[in-house]
Structure formats: C-alpha cells, structure tokens
Amino acid sequence: MDEPEFFQQGERLGVLTTQPLDRVLDYRAPEGGCFRGAFVEVPLGPRKVLGVVWGRGAGDFDSSKLRAVIRVLDVAPMRDEMRAFLTKAADYTLTPLPAMLRLATRAPGLSDPPSMRKVLRPSDGVPDRMTDARQRVLAVTEEFGGLSFTPKELADLAGVTPSVVKGLVKQGALREEDAPRDLPFPPLNPDLPGKALTVDQAAAASALNAGVVSGRYGTTLLKGVTGSGKTEVYLEAVASALRQGRQALVLLPEIALTAEFLKRVKARFGATPAEWHSGVTMTERRRVWKMIGQGKAQLVIGARSALFLPYRDLGLIIVDEEHDTSYKQDDGVSYNARDMAVLRAAMCSAQVVLASATPSLETWANADSGKYKRLDLTARFGSSVLPEMRAIDMRDEELLPSTWISPTLKQAMKLRLERGEQSLLFLNRRGFAPLTICRACGGQVACDNCDARMVEHRFMKRLMCHQCGETKPIPDACPSCKVEGKMAPVGPGIERLGEEAAALFPEARIAVLSSDLFGSARALKQRIEEIAAGEADIILGTQLVAKGHNFPLLTLVGVIDADLGLQGSDLRAGERTFQLMRQVSGRAGRAERPGEALLQSFQPDHPVIRAILSGDEEEYWRTEAEQRRIAGVPPYGRMAGIILSGTDLAQVFDLGNALARAAAPLQQVGAMLYGPAPAPIARVRGRHRVRMLIKAEKTVPLQDAIARWIAPFRMKGDLRLSVDIDPQNFF
C-alpha cells in the first residue's frame with residue numbers, strides 16, 4: 001500500500017523517534033495535519049521527544065487510545081530519499097533506526113520556534129579595566145573571527161561567568177544585536193574565473209563535469225600525485241553542481257585542513273560556504289542544519305557526519321583524501337563515510353568523487369574492476385616536482401643513547417637551515433614517551449581503567465591514557481615497588497623529539513604539530529597558517545601533518561621510524577604504512593624548490609619500504625590485491641567484527657560462548673566464526689572486551705545472517721554487543 005503524502009488531523013501515523021526503541025510509534029496527526037517526513041514533537045511517557053513522521057501507523061490497537069502529536073517543527077520535512085538512505089544505512093551497518101536518526105538530527109534547538117535573539121559581536125570599545133576573565137572572552141571573539149555568539153555560548157567558550165560578558169557589553173567592548181536565529185548563506189558564484197588548469201587537469205575536470213550534468217549517479221576515483229592540483233579539478237565539478245542548482249558536499253579528513261581550504265573556496269566562488277564539524281559553534285550548527293534543508297546553503301565543507309545533513313538536492317559529494325582512516329567511525333554507530341557517501345549519492349542520483357594520491361585498496365579495486373571510473377593526474381602542478389625518496393639504514397648509523405635523529409638526517413636538516421628552507425620531522429606518536437618504566441623493578445605505569453600503558457605528556461606534566469583519556473601526575477615513586485627516583489621515560493614521542501631537535505639546532509624556530517597540543521581547532525589552524533608563511537624552520541608532526549597541508553618552503557621530510565606501522569597482525573598494516581609514508585613525503589618540494597624525503601628504517605629491505613621508495617604504486621596495489629584475494633579478505637571477501645563488553649569478564653565470555661554455540665545462521669551461508677577471544681586491548685574504561693570475527697565470501701548476504709544470529713540474544717545488565725561491518729581496526 002502506498003504511503004500517503006499528507007495525514008489529516010486525527011489520522012493514525014507512525015513516528016520514528018530518536019529514543020532507543022525498537023519500533024516506530026503510533027500517534028494521531030495534530031491539528032492542521034502534517035506531511036510525511038515532518039519533524040515533530042511527540043509525548044513519550046512524561047517527556048516530549050523529537051521524531052519524524054515515518055509513514056502510516058501500525059494500526060494494531062485502539063486508535064482512541066492514541067496520543068496526538070504535540071506540534072510540527074518549523075523546519076523542512078525529511079525527504080523520502082533521506083529516509084531511504086537512513087533505512088539502508090541502518091540495514092548495512094546493523095544499527096537501530098533511532099540511532100541513525102540521531103545522527104541526522106545532531107543540531108541543537110531544532111524544536112525552538114523561529115524568533116529573534118540577542119547576539120554579541122566584538123566592538124571597538126575598550127574596557128576601563130582588563131582582567132584575565134575579560135581577556136579570555138575577547139580572545140574567543142578574536143579566535144572565531146568576528147562571529148556572533150549568544151551570551152551563554154560566549155561565557156561557556158571563555159570559561160567565565162555570565163556577569164563577565166554582561167560587564168563587557170556595558171563597557172562597550174561587546175555589541176549587542178537583535179538577529180534572526182538562522183540566516184541563509186551568501187550565494188556562491190560558479191562563474192567566477194578559477195585557476196588556469198593544465199591539460200591533464202582540464203581533461204579530468206571536463207569528465208567530472210559531464211557526470212554532474214548528466215544528473216545520474218556515478219563514482220569516480222580522482223587519483224593524483226601529491227601536489228597535482230586535485231582540489232582545483234574537483235572545485236570545477238562543484239561549480240557544475242552549483243550551475244545545475246544542486247548542492248555539493250566536500251568531506252575533509254581533518255578539521256585543521258578547513259582554514260586553507262575555505263580560502264581557496266572563497267577565492268573560487270566569491271563567498272564562504274557552510275561548515276559542519278566539531279569546531280563550529282552550536283549556534284552555527286543549528287543554522288547550517290536548517291539552511292541546508294531549505295536549500296539556502298549551496299556548498300558544505302564538513303567532517304564525516306555532514307553526510308547525514310538534510311540536503312534538499314544533493315548533486316555532488318567529494319571525499320578528499322578518501323583513504324584516510326578518520327572517515328571510519330568506531331564509536332556509537334559504526335560506519336565508513338566513504339562507503340556511506342557512495343550509498344547516499346546512489347539514493348539521490350548524485351556524483352561521488354573519491355580523491356587521493358594513495359587510494360584505499362577497496363577504492364583501487366573498484367576502479368580496477370570498472371565499478372568506478374578513474375581519472376589520473378600524473379604530474380605536480382606548475383614547476384614543482386615529486387621529492388626524491390631515500391631510506392636511511394639505521395643499522396649503519398651511530399646514535400647516542402636516547403636519541404633518534406640520525407647523523408645523515410641531521411646533516412640534511414643543517415643544509416636546509418643554511419638555505420632558509422624548512423624541514424619536517426614525522427613521528428606518529430603523540431606525547432613525550434610511550435612508556436614510563438621503573439628501573440628498580442621493571443614495573444610499567446598502566447591506566448587504572450584500561451589495559452593500556454600511560455603516555456607521558458611533558459607539556460601537561462601528566463601521564464595520559466590514549467584509550468580513555470584518563471590522566472594522572474607523573475609519579476616520583478614507582479607505584480609497584482615504591483622506590484623513588486627510578487621512573488624513566490622509554491621511547492620517543494613527538495614532544496621528546498622536539499627536545500632533541502632543539503638541542504641539535506638551538507637557533508632554529510621549532511614548531512610541534514600534534515592535535516593534543518592545541519586548545520581549539522582554530523588555534524591549530526592559526527599555527528598551520530603561520531608555518532606556511534615561513535614562521536618556523538623545523539616542523540615536528542604526528543599523522544596530522546600528512547593530511548594535505550601545503551608548506552611552500554618545506555623541502556625536506558624526515559621520517560623518524562618508518563617501520564612503526566609495519567608491526568602487528570592488522571591486515572591493512574602494509575597498506576596504511578605505504579599511504580602514510582607517501583603522503584607525508586609528499587609535503588616536500590610543493591613549490592619551486594625540489595624536495596627530498598628520508599625514511600629512517602631498520603628494515604630497508606621490507607617489501608613495503610621498497611615499494612614506497614620505488615614509486616611504482618600500481619605494482620604495489622596489484623601485489624597487495626593479489627595477496628588479499630588469495631586470503632579471501634576485503635576487498636575480495638567480507639568481514640565483520642563483534643565486540644562484546646561488560647564489567648564482569650565471566651559474563652562477557654559466557655555471552656561469547658553462547659553466541660559461538662548458536663552460530664547456525666552464519667554456517668548456513670558459509671561464513672566462518674572465530675572467537676570469542678580477548679580483544680588486543682582487553683579492558684577500556686573499566687569494561688572488559690571480547691572480540692569475535694566473521695569471515696565470508698564476497699557474495700554472502702552477511703548482514704541478514706548476522707541479524708538472524710544475534711536476534712535471540714537479549715543483553716542483560718551492562719552487557720553490550722556491537723557489530724562492526726567491514727572493520728578497519730582490530731583493537
């Protein structure tokens with residue numbers, strides 16, 4: 001039976017709420033009726049909750065007992081394609097629909113009626129007396145570039161009481177204005193001139209434009225070497241989408257990339273687009289959500305969750321650096337934004353562009369099989385050339401104890417300093433040292449809540465667990481044997497490397513880029529801009545620096561431990577190391593001056609290291625693909641992870657053993673079940689974790705089998721079961 005478009009007053013309808021329930025709830029349509037897809041407020045027990053009119057009511061009990069919808073919210077109704085997308089995404093990831101709806105309604109104040117509100121902006125006035133609290137408030141307004149704030153929002157961001165903000169208003173340092181809660185974004189002009197494209201870039205842009213103009217679904221791998229101008233190419237596809245009157249979404253893997261990217265977008269289209277990520281204010285998040293639904297935001301630059309915004313007519317999705325692991329969400333709803341982008345585009349007849357210099361093997365295989373189109377940019381833009389890459393065999397280097405910069409790398413850095421060029425040292429370890437050990441008893445400082453060693457963060461003067469975030473002071477005495485003065489940091493972190501670089505080059509300006517060293521995303525963006533302007537001689541960075549940054553003066557990249565990611569049993573370890581090394585090396589020589597990348601390795605003959613240095617990427621992908629095909633693992637097989645957790649280890653294992661005994665639905669489709677076994681990190685936040693792994697052939701209907709397998713089991717007490725389809729991590 002077809003679903004009605006409109007429900008008359010009093011008619012039975014079904015509402016999907018954001019509450020953790022296992023069904024759509026029946027209500028009566030409110031006075032004036034409502035459309036299918038309308039966002040509504042409904043009674044649930046004593047509470048009022050948010051929901052969406054999902055369709056007809058079930059009709060399985062007396063309609064006279066139904067409660068009525070309280071009111072219809074003044075926001076654009078959810079479109080049918082969005083409801084279909086959430087349903088398919090829920091089925092694919094085996095996630096309850098209410099959890100998917102929560103992803104799609106992550107904006108504050110959606111139920112607030114439209115009205116004017118008091119907002120504050122910086123003014124020219126100067127307070128008669130400057131206090132630390134007032135300085136913090138003014139620093140926030142400066143950091144956010146003149147954006148408006150509600151008084152409470154400004155007080156919360158600055159960590160002050162509301163009276164401090166009110167005092168600055170009275171002093172004239174802040175200006176109070178009446179403003180609509182939500183304003184449209186300024187129009188973008190796709191016909192402004194873009195940068196001159198090379199022949200290869202123009203051909204790629206033309207192919208992407210043709211896909212957008214067709215109005216049909218399609219996915220294209222845009223593979224270009226680092227510095228080849230992929231951004232300029234796909235911005236031309238964005239221009240085509242805007243000319244068609246359709247919206248576009250650009251996903252970026254790291255918030256710190258947005259500052260430079262937004263400047264390029266504004267230069268191309270004459271206005272700033274909408275932003276969606278954790279760095280924007282709550283006021284702005286609500287505005288973005290509403291304006292997208294009304295079609296008054298043409299282009300969105302966002303993190304992975306921007307996929308779940310209520311686009312009115314989405315015509316193009318760009319997934320920049322599509323290989324990046326940050327596109328996979330493991331907490332809460334487990335999904336890969338790259339795959340969800342393809343699904344969303346298929347639901348609304350949009351084009352997807354997956355852009356990367358080092359694509360994921362899944363994307364490479366889809367392009368190789370013809371499922372995706374492929375466009376290649378083989379040369380860097382302008383006069384820049386790819387950096388020369390060499391390995392430093394650490395077995396031949398003479399290093400002093402507790403030092404990690406080899407003499408060969410030191411000499412190369414010295415040469416860059418003399419030339420006025422920048423060097424980058426890359427080490428994918430946050431903090432000062434990954435391990436703190438007692439030299440008296442050998443005891444290691446572990447987290448009290450997790451089976452993980454605590455990492456020393458010297459700038460905080462504390463130890464931190466990178467699993468749960470717990471911190472504690474660096475102990476003077478060993479927690480195990482109580483002996484004082486024997487605690488010692490072991491191994492290098494990025495902060496410790498900074499100390500070594502400062503000792504080697506005392507006159508150099510050193511900048512450390514690590515996400516935990518900055519109080520806000522905007523502070524990190526500002527530091528990156530300063531480095532790009534030449535305000536540092538030596539840059540030290542973790543994985544953050546490999547993500548698309550452009551430092552014109554950078555001509556040397558030194559990788560401190562190129563072997564770091566090759567250890568462990570992760571089937572993607574080699575692929576990730578290959579991608580990371582190629583990406584971070586690509587930061588060098590992006591302007592006129594040639595670049596060089598030096599990889600410190602104790603295994604220079606390792607196949608992955610050899611592949612990185614050879615530059616024959618296609619040969620590496622072919623070899624890696626063949627090994628995966630033989631093993632029957634993704635992308636040539638299916639895998640799913642089952643994570644069981646609870647505070648009682650025996651109960652968690654009992655559940656795992658019961659699941660293993662009841663695995664007939666998996667066996668019926670030929671899937672193999674491994675486990676239960678303790679997870680590599682067996683306890684996180686006080687909860688014991690047990691893993692099970694499912695492996696099946698590519699064509700197996702795995703989700704249906706898993707759903708039938710786990711359906712009879714009800715989680716009691718604090719036991720939890722989560723399913724991770726296509727797992728990226730195995731911790």
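**Cavities, pocket and sheet**

I sorted the lining of the largest cavity by class and got 1 nonpolar, 6 polar and 8 charged residues. Here Ala, Val, Leu, Ile, Met, Phe, Trp, Tyr, Cys and Pro count as nonpolar, Asp, Glu, Lys and Arg as charged, and the others, Gly among them, as polar.

The model is predicted: local features need pLDDT of at least 70, side-chain atom pairs count only at pLDDT 80 or more, and totals for chains, interfaces and linings use all residues. Residues are numbered from 1 along each chain as its sequence is written, and side-chain values use heavy atoms, with hydrogens and water left out.

I searched a 1 Å grid over the protein atoms alone; a cavity is a set of points where a 1.4 Å probe fits but cannot get out, and a pocket is an open set with protein on both sides within 12 Å along at least five of seven lines. Lining residues have an atom within 4 Å of a point. Points are joined across faces, edges and corners, and a volume is the space filled by probe spheres set on them.

I found 2 cavities of 30 Å³ or more. The largest has about 120 Å³. Its lining has 15 residues, with His 323, Thr 325, Arg 338, Ser 360 and Gln 728 nearest its centre. Helix 15 (residues 573–585) gives the largest share, 3 residues. Helices (H or I, at least four residues) and strands (E, at least two) are DSSP runs, numbered from the N terminus.

The second largest cavity holds about 30 Å³. Phe 185, Thr 272 and Gln 298 are among them.

Next I took the second largest pocket, at about 920 Å³. It is lined by 38 residues, and Thr 231, Glu 260, Arg 264, Asn 550 and Arg 590 come closest to its centre. Helix 8 supplies the largest share of this lining, 7 residues.

Where else does helix 8 lie? It lies across strand 11 (247–251), strand 12 and strand 13 (299–302), at about 165° to strand 13. Contact means heavy atoms within 4.5 Å. Axes are lines fitted to C-alpha atoms, for helices over the stretch in contact, and angles run from 0 to 180 degrees between N-to-C directions.

I then traced the sheet: 7 strands, open, parallel, in the order 12-13-11-14-17-10-18. Strands 12 (274–276) and 18 (373–377) are its edges, each pairing on one side only. Two strands pair if DSSP finds at least two bridges between them. Strands 10 and 17 share 6 bridges.
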